[in-house]
Every structure is written in structure tokens, then in C-alpha cells.
Amino acid sequence: MTDNCTAIKALTYADHLKLIQKVNGNLAVAVDEKHKLLKAFIEEEEQCRWIALCSSLCASGWHTYKAADSYVEMSMGLYRNFGEVGLLRIGSHAAVLCEGALNNCLSYLNALNKVQSICSKESVLAIERVGGMLLSSYPQATNMLQDYYRQAFKLCTDSNYEAWLSIIELHASVDRHSLVNFLVDSESYENVNWCDALPHYLFSFSFGSKYLATIHAVSDALLDVLGEFRTLLQQHQTNEPESDWLESLKNNAKNFSRVDFHVLVRLSVNFDKPVLLKAFLDSAVGLPLHKKRAMVEWIEYANDLAYRNMLAAIAFVKLESVVSINLLKDLTGEILLADHVDKLQLYIDAWSRLPLAITPLTVDKGDQAFVDGLHVFLPASVSMYNTKQENYNLLRLILNHQLGLIEFNTFSDTEINGNYFLAYQDPKLAEKLFSILESARVDWQLQFRYAGLAHLIATAKRSFLEQLLSEQSLLERQRLVIESKLDALIYIQFVSLDLPDADYEESNRGSRFYSLCHLAIQHIKKIGATVADTKHVFNTLYAELLSLPKANLDAFQFVYYRGQIKFNTLNQHFLLHEQTVTAELKENLDDPMLNPDFLEPINATDIEISELDRKAGGYGESMDISVPELQALDDHAKIKKTQAALQTNDNLVGMQKERQQPSVFYYDEWDYQISGYRKNWCTLYEMHELELDADYVKEVLVKQPRLAASVKKQLQQLVPALRRKVYGMNDGEELDLDKVIETLVDRRSGAVPSENIYIQKLRKDRDVSVLFLLDMSASTDDVCQSFMQENTNELRIIDLEKQSIIFIAEALQTLGDQYAICGFSGYGRDQVDFYVCKDFDDKYDFQVKAKIGGIKPCRSTRMGPAIRHSISKLRKTASHTQVLIILSDGYPQDFDYGFDRTDRTYGLQDSTKALKEAARFNIQSFCLTVDPSGQDYLREMCPDKQYMVMQEMSQLPYELSKIYKGLTA
Amino acid sequence: MTLPKTVAMPYYLPLADEVELFLLAYKQKLPILLKGPTGCGKTRFVEYMCHLLYRGEHSSEARRLVPIPLQTVACHEDLSATDLVGRFLLQGADTTWQDGPLSIAVKAGSICYLDEIVEARKDSTVLIHSLTDHRRILPVDKLGLILEAHENFLLVISYNPGYQNVLKDLKPSTRQRFIAIEFDYPNEVQEAEIITRESGVDAAVAANLALLGTRIRRLESHGFDDGVSTRLLVYAGKLITEGISASRACDVAVTAAVSDDSDVQSAIGDVVSSIFAPS
């Protein structure tokens, strides 16, 4: 190329023109014309070099005359902007590019042409320098070079283009792929400060590119917290994927409001470690971010913890550890409904005659409490105030308001349902107005009736009034500018919250609306006001409101503690309840005026039928009854059936049906790595439905009658454990005074005295509950080695477990101990299956036997939650002696039992902890394993003498009965 | 346990026709079984009736002369027939016979009230059989005597069906010797009146205490067999009369007394704080 170039330069102007003429005649004409213009400004030698460049461009390859054409076209402008040196250098650079690919050259010239009048010489020089470097590094990457020139000249007027070029140089020194990605990204990102980005690219390309992506995604949201964001960037530059907080920030930003996002970024500055920051950003949704002081203290605790135990700190920040949840609750005063649900359920039972179940509000149900006749929906947590007591009071008030709606007969007026408001011209306005007035009436009635609640309600009214006024612009509301329906609703709600008169401007007190509103509301603000009074007030005010201008009523917010009244879901639920309760009340009051026939217990089915009839009459045809309505009736029938079954205890079929759905339990799990419990980590499903094998038990007993008899004999030796006083014994701990006196009297009267004058404490009854917990994991499907050697028939571990349990169960029938037989398996922490073959209350009947026969091996051994659930079942028995016997075949293991699947320590530690929990509740535990390596880990897991490794499998039934005897005697 | 000679008329608010029934049963010498939850007023009712029959408007000359008109025995699992009938005692070098409360009542013609009869040993419940049918006699084995009951004698027993188990249920042969009057807690209005009268609190506080009683009784199936008794509500009222705040009085007299379950206690505490204004 150099020789060729020298040769080209050696030619005369005419020679070059001829060469160009040969390639493209038009171009030769254009060159000649441009030359005539240029020769007035540049020396002859430069003219010669110029035409040589044109000729060179033209001769570079196929269609390269186009590049020459562009250059010629631009030449006068280039000379004016960059002088003759610039003109010739640009031509040279174009020629070099053209040698590689025509498009590279065209891209360069076209991009330059667009900005040549505003681009500085230095900028062009720098772009050419980096372009040259890219060309030499990646000569084949034509698209990349074209992108480069296009973007470079677009940015050349930007003050921070040099930083951009530096980033390009950094990329070029590494690999083409990252450079291509960067060019694609940077083209799509606008208004990026490349000077800010450069240090991050200098740190690492991945961090730099994540920075770029984050800035692009959340630039608007970051505007007000740029300072904090820069601090974060300085503190937490990292390449570790587990510390990739920028990615988390970018991905989670959409989950926060703008205000919350700002708070989030401001709080993030408090983290010492990027890995904690990432954990925080990933799990910050739902955190009480607005409680700054509490959050900062909580973060400080996490920082301290990180120096001692990083895993614990991560679990802490992710709100997975019990310590974290408790600390946050303490700091914020937050209370969780789940923590109080038992107590509040009792409270409901005391307060209301309806069997209402507390249900936490979910996202789809909104965030305001309501009652539907079967359930009371309450917020899952309350953290409005700073102390737990205040928040608990608020939760109780929310509940009491819903109970008040029932107590003060909001739903007794059958006319008011979902359709009631449709008859009004503005149904939405009507429904909202009625809800405000009815809620206000119920509040006042509660205040009149219950002095304690009156205090709570008054406090809440003041508090919410302050909050609403501050949100709604106090001055405007005080001026009482009722310009729309929305204004009127807001004002009426203020009145319903007992806004003091003094808070209004003097001039407004005489206004028509003010007077009317206050006059009307007095009807429901009196002792004994009913829903009929609310209707009256509602009709008066509605007529007044209708004349006001329209407004978007969706903006109206009901007071939080009053929740909402769902008129469309009320219907059958309350009607059914009402009839039942009325009947009960009449029975209870024992009114002599009542006809005895009327006092017959109301049959749920009768109610259903009468309700159906009523609905059929109301809607035309019975077929018109909607599915939800039928469902409501069905729900009620279920409740009634369950109650009847529980009361009469003879509807076992009904009970069985109730049990078909597995009950769900949540259990904490001990993580030795964080030295704490992970809160509600495992989900356990208690199942009563198992596969049945009706013949299994019978076959086992027929095959091995001697073994069965032997186990039975061994257990029958157990003596009763409960000591009771027996009078008139010939020996004992204390004297039976009556007998002593009788003896003395007999002796003196000459009769033969009795020697039975003592009281002895004897063991008369047994008071024992035992739960057998069988490992049903897949590994129990293995064949027992010792049996393989001894017998021709193969026997699996699960069979041996089952057989042992059968022998014990048969023997226990005569002993009278309470016992349960359960099994566990599962897959992962979200699916721990706990099968109940026989519960403590169940009889050892055909069904239980079939369930035991049907036990099959499946999946994993997550022992901890199964033990914890067994503990909870045992504790409910209230027996003096409570025993848990675990039959297992190996290590506790599950695919997510610890972060490392191969790490056995996690499962062992959790099981150990669970057994310690059992000991804390005075539950004796015993682990029996058929795993030959059991000695290694059972020594750690169980206290002394509370485990056994079976060496001889055939001895399992004997050993089990011995253990049983030892534990319960 | 006895009713003093000159005791004031015990306060009792009749809830239904129990007073008339008792009077008629007494007239016809029919033994009476009182059934009802703890603290609903069974013992008070017997005291009231006893006063009415032996000292009050339904008394007679003969009955007014009975020095101790009511013999009350609180039955327990160690109570034997000897405890009811009588026993020999050693006094110095002699053995002397001591009549039991049942023998005293049979002889003197007073009312014998066996409280919580099912708690007593079987031999003692069988002992009363001959007293509760047409024979109206009490055999005293140790003396070789058969006591004929005085014409004014009446046997009254009580038990609480709420917390009896199968083992301690009354045998049909015993149960079917009595007419049974069932008691329950008074309704809210009546209970408020009783609380006012017994404790001296004002009507408003008494109404709230009665309301509290009604609410707590709805929790009967949760950890305690009986709801809160009227007696406990009266105790709370008495504490309030003495100047203790209503919430604290209910705390010690009601909440802690009815259950040891912490959830139940908390729930009752919440009901109390909803009903009574904070002090």
C-alpha cells in the first residue's frame, strides 16, 4: 500500500485526473471544479496531495469513487473549518478507512460532514485517533466502526465526549463484544454524564455497564437523590454477583412510589456492605421505610452483625430471621395480625354471636377492612403509630367498627344491598354518602354504648382528622368551599369525625350547607339511632349533594379505621345469621309468650330453602340466583353442618369431609449459620387423606403372630403411672384417721381390730400420649440388608417401620394409652408433608389400619418441621407423660435444607434444635434409626440414651416395644 | 356450716318460678336437686328459702324453734358416709358418739344441703337413698339405729353438670329421687340488679359488669367450662366500690379468675377495656 501510495503521489495533477476519469467521469468533472476553487487557497504541492488523496480514494476498491465524491464535496467546508492540514489529514484518514471497507469511510465522512461546522479540530483529531486504534485492533468489525463514528461525531460537541472516548479505548483494549454492547447501549441512552460513568468503567466494565443501565432506567426517580446515589456508587463498587446492588436498584425501582424510592435510596447510604445493600433493595417492599429512625437503627444492627456473621446479616436484612422481624417490630411498633389472631378471634367470639373468621386482607381485597358475614377482613399489619400498644388499639378499633356494623344492624335492612344504590341518579355518590353516614352512626352508637370504646374512638377520630386535614389542605377545607360533590363528601366525613366547630371560619357557620348538614346529622348522632335514621339523613343530604358540580369521586378516601361497607357482598350471609341468632336469642330469653313450636331449633336446611324461596320470589325465577349467592348459601350450610357435627359428635362423615383439605402450618427453622431462627420458613401441610391398603395390617399379623403376641405381652407389663390415694391399706405413707379411730374403738370394745389403717399412693391409671413419627422419605424404599441375608423375601425399610408400628398399635389397644401415628416427607421448605394415619382422638379402626398399610416412600426427610408439628400435636393432649418416637433411616436432608445441598450440618442442627424444643416442653423424644452410620450424627442430635441405631433389623419390633416401655413406664 | 339463729334475710332475686317450686316441694317433702353452673346462686337460693321457711313469712312455730335450720355440707372426694352420719370420738378414756350434719338435720327437722354431691364417695351418695323416698329414714350402722326423719326435714343437693365427667356423674338411682330445678346465670338486666344490690356499685357500672358477664360467657368453649359467675362480677363490683378502677377490678376479679390461658385472658382484657373507660 505504501509503494502504491508513493507511486500515486509521484503522478501529476493531469495523471490523477485521468485516473479518476477512467473510474467515474462525473467525479472527474467535480474534482476539477473543486480544484479550481481550492487552488486559490492552498499551495500547489498541497493541491497535488489533495488530488492524490481523491485519486487514492477513488482507486481503493469497488465503488469507492462514492467516498471520493463525498470527500470532494466536503473539501471546501473542511478547508474552511480545519485548514489545509485538516483537509489533507481527513482525506488521509478516509483513504485508510476506505482501504478496509467503503462503508467505514462513508460513515466517517457523512458523520463528520453533519457536524464539521461545530466540531473542533481537537475533537476530530481525537475521534480519528481512537478510530484508527479500533481499525487496527478490529479491522473486520465494519459495523462497529460505523457505529463508532456515527456516535462519536454526534457526541463531539458534548463537554464530556472525551470521557466517552476513554471508555471506548478501555473497551477496545479488552474485547470487541463488550465494545459492541457499549456502543449499542450508549446510542440508546441520552443525557448520560460520561464523566460520571468513566470511574465506574475504570473499576470494571460490568460495574460500569450496570451503572449505565441503572442510570438509564431510573434517571428520573434519582433526580432528587443524586447526591446519595453518588455516595452509594463511591462506597459500593463491586464485581461480585451476590453484591450486585445496582441491578437490584434498577429492577425494584418500579415497586416503589417516587417518594418511597427517594427514602429507599437515602436509607441505602447507611449500609456498610454492598451485599447487604443488595439484600435490602431486593426485600425492601413492605418495610416501614417512612419510619426513618427505626430503619436506621435496624440497618445499624445489620451492619454490626455483618462483621460477626455475614450470612446472618443477609438473612437479617431479608427479614428472614426471627431476630430481625422482632427487632423491626420493636423499633417501629408494628404489630402483625398473625401474632394476635387467636386473641382477636376470641374477642370476636365474646363480642358477636356470628361465627366470624378473621382473614388477613390481601392485595386483591384492597387495604381497608370489611365484613362479609362469614369473615372479618383485617389488615395484615398495623404500623401507623410508633408504639405497639397504639397500633394494637387501632387494630382492635378497626375490628370493633366492623363488629359494630353487625351489632347496630347495618345489614338488617334487606333493602340496602348492592342494587339499592343503582336506583339513584348518581349511584357512586349515593353509596359513598351512605357509607359515611352509616359508619358515623355506628361509631356514635359504639361511643354511647361502650365507655372504653368511646375513648378509643374519640382518640382515633382526633388523630385521623388531623391526618386528613393535613392531606386535604386545612385552609381550603376550613374556608368551606363546597364546590363539588367530592368537597361535600369530604366535608361530611369531617363532620362525622366530630370536627370541632371552632375549627371552622366564623363566616361559614351560617352557610346553608353547613346548617343543613349539621341539622341532618343530629338524627344519627343520638342514642338508639337506627339504620332507618341513616336512610332518612342520607336522602336529605343526597338531594342537596346532587345539585353540586361533578367531580372524580374515586379520589375520595374513607377513614382508614372505619374500613368499608361492602353492600354487594352482604346478603345471604347476614340474613341467615340473623334468623339463626334470632331463634337462639328467643330460646335464651325463654320468653313465656313465645309459642313452644316456634322454639324448635331451626334447621339450617330449612333456612336455605326459605332463603332460596325468598330469592326466587325477589328475582323472578329460582334459576336466576347467581352462583356467588348459591355459594354463600352453600358456605353457610357448611358452617352449620360443621357446628352440628361438632355438637353431636355423631356426624363422622361430615368431619371426614372437613379434613379433606390439608391444614397449613408455618414453622420457624433453625439456621446454625446465622445462629437464629428463620421466621415461618417451612410450610407444613397436615394431611389426613392417604392411600389406603386395607389388607396390609391383616397380612402382617397373620404372617407373624408370635412377634405380635410377644410385643403385646411386653407392653402389658407396664404398670399404671398415675398415682392415686387408696384408703384402708395395711401399709402406706400416711395414716387413715377414720380407720385408726375405728381400730381403737374396736380394740377397746373387745372386737378384733383391723390393720388396714394406712393411706397409700398407688399407680392406678396411665396418663401417657405417644406420637410415632415415621420417616417416609424415598430412601426408606431401600431393601433391608440384614433381612436380605436372613430371608429369601426382600423387606424394605418402610415395611419394617410399618410392621413395627402395627405390632405396637395392636398392643397399645389393651394398654389404653393415647397415641398417634404420623409420617412425614416432602420436597423443599414450602412443601413439608405431614401425614396423620391415626390422630390421638381417632380409634384404631379399619380406616387407620388401611392408612398405615398405604404408607409409601416418597421424596425427602425434612425432619425439623415434622418434629415441631409433632410437638404441637403432643402439647394439645395435656397428658402428664408425652413421648415422641421417631423412626428414621438416615440423615435429615432435603434439597434446600441449607444453602449447600451436600451440607448435612444444616439439617442436623435444625433437627437437634427441634428435639431440644421438645425437651423444653417436657416431651421425651427418642430417635430410632436403621442407618448404620447413625451413631455419627445421632450422638450430636439427641441427648444421651435417647437414640438407638438398629444393628439387627429383625429386632426392631422388640426394641421398639422396649423403648416404649422405658419411656412411658 | 350453719345458718345463724337471727340472721338477716339473705338477698336473692328470683329468676323464674324456683321459689314457688321449692315451697311446694317442701310441703310435699320432695327432695330437691339444684343444677347450675358455678356462682349462679344455688347456695344463696337455699339460704334464702331456708330463711323463708324457718324464719320468714312461710315459717311455722315449730320451724322457728329449730336452732340451726340449715346444715350445709361441701362434698369432696374424701367425704365418706361417716362424715355425714356421725362417728365415735375418743374423749379421754371414753368413746363418744358425734352426730354428723345429716343426722343432726334428720333429727332436728332442718334442711340438709349437700353441695356438689357428685364429688362425694359412692357410699355417701347411696346413704341418702333411704332418706329420699317414701321411707325417709337414715340407718346409723355403728349405733345399730334407724333414724326417722323429722317432718320438717328436707334434703337438697346440688351439682354442676358443666364440669362433671363420666366417672363423676350422678347415678340414675340417685338422680331419680329428686325433683330437679335448673339454674343458669341471670339475664343482663337481672344480673345488673343483683350486682348493684350485692356490691353497692351504681346502676351504670353494674350494667357494664353484667354486659361483661354476657360477653365472657360466649367464650365458654375456650379454655374454661363455666363462664364468669355472677359471684365474680359481684366481687369486681365490690372492689370498684372500694375505689379500685373498673379495669383493674375486672382484671383481678374476672380476667385472671376465669382462665389461665393467656390468649383468653388477653381477649377478656380487651373486652374489659372496650366496655370500661380507662381510669
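Trainee: Helices (H or I, at least four residues) and strands (E, at least two) are DSSP runs, numbered from the N terminus. With that settled, in which helix is the place of Ser870(A)?

Mentor: Ser870(A) lies in helix α38 of chain A, which covers residues 863-875. A word on the ground rules: this is a predicted model, where local features need pLDDT of at least 70 and side-chain atom pairs count only at pLDDT 80 or more, while totals for chains, interfaces and linings use all residues. Residues are numbered from 1 along each chain as its sequence is written, chains are lettered from A and ligands numbered from 1 in the order in which they are written, and side-chain values use heavy atoms, leaving out hydrogens and water.

Trainee: Thanks! Is Ser870(A) buried or exposed?

Mentor: Buried, with a relative accessible area of 0%. Buried means under 20% relative accessible area, exposed means over 50%, and partly exposed is in between (1.4 Å probe, protein chains only).

Trainee: And what is Ser870(A) in contact with?

Mentor: Contact means heavy atoms within 4.5 Å. Leaving aside neighbours within four places in sequence, Ser870(A) is in contact with Leu771(A), Leu773(A), Phe834(A) and Leu884(A).

Trainee: Stepping back, how many helices and strands does chain A have?

Mentor: There are 41 helices and 16 strands in chain A. Of its 969 residues, 51% count as buried. Chain B comes to 12 helices and 9 strands, and 51% of its 279 residues count as buried.

Trainee: What about contacts in chain A between residues at least 6 apart in sequence?

Mentor: In chain A, 71% of those contacts join residues at least 24 apart. For chain B, the corresponding share is 71%.

Trainee: Now helix packing. At what angle do α8 and α10 of chain A pack?

Mentor: α8(A) (residues 142-155) and α10(A) (residues 176-188) pack at about 40°, and their axes are 10 Å apart. That makes α8(A) oblique to α10(A). Angles under 35 degrees count as roughly parallel, over 145 as roughly antiparallel, 65 to 115 as roughly perpendicular, and the rest as oblique. The axes are lines fitted to C-alpha atoms, for helices over the stretch in contact, and angles run from 0 to 180 degrees between N-to-C directions.

Trainee: Which residues in α8(A) and α10(A) meet?

Mentor: Among them are Met144(A), Tyr148(A) and Arg150(A) in α8(A), and Leu179(A), Val180(A) and Glu187(A) in α10(A). By class, that contact of α8(A) with α10(A) has 5 nonpolar, 2 polar and 5 charged residues. Here Ala, Val, Leu, Ile, Met, Phe, Trp, Tyr, Cys and Pro count as nonpolar, Asp, Glu, Lys and Arg as charged, and the others, Gly among them, as polar.

Trainee: How about α21(A) and α22(A): at what angle do they cross?

Mentor: Roughly 95°, and the axes of α21(A) (residues 388-407) and α22(A) (residues 427-449) come within 9 Å. They are therefore roughly perpendicular to each other. His401(A) and Leu405(A) are among the α21(A) residues in that contact, with Val442(A) and Leu446(A) among those in α22(A). The contact of α21(A) with α22(A) divides into 3 nonpolar, 4 polar and 3 charged residues.

Trainee: What's in the loop between α21 and α22 of chain A?

Mentor: Asn409(A), for one, is found in that loop. Asn409(A) has a positive phi of about 60° although it is not a glycine, and at 40% relative accessibility it counts as partly exposed.

Trainee: Last topic: why is α16(A) described as largely enclosed?

Mentor: Because 9 of the 10 residues of α16(A) (residues 274-283) are buried. Those buried residues include Val275(A), Leu277(A), Lys278(A) and Phe280(A), and they pack against α13, α14, α15, α17 and α18 of chain A.
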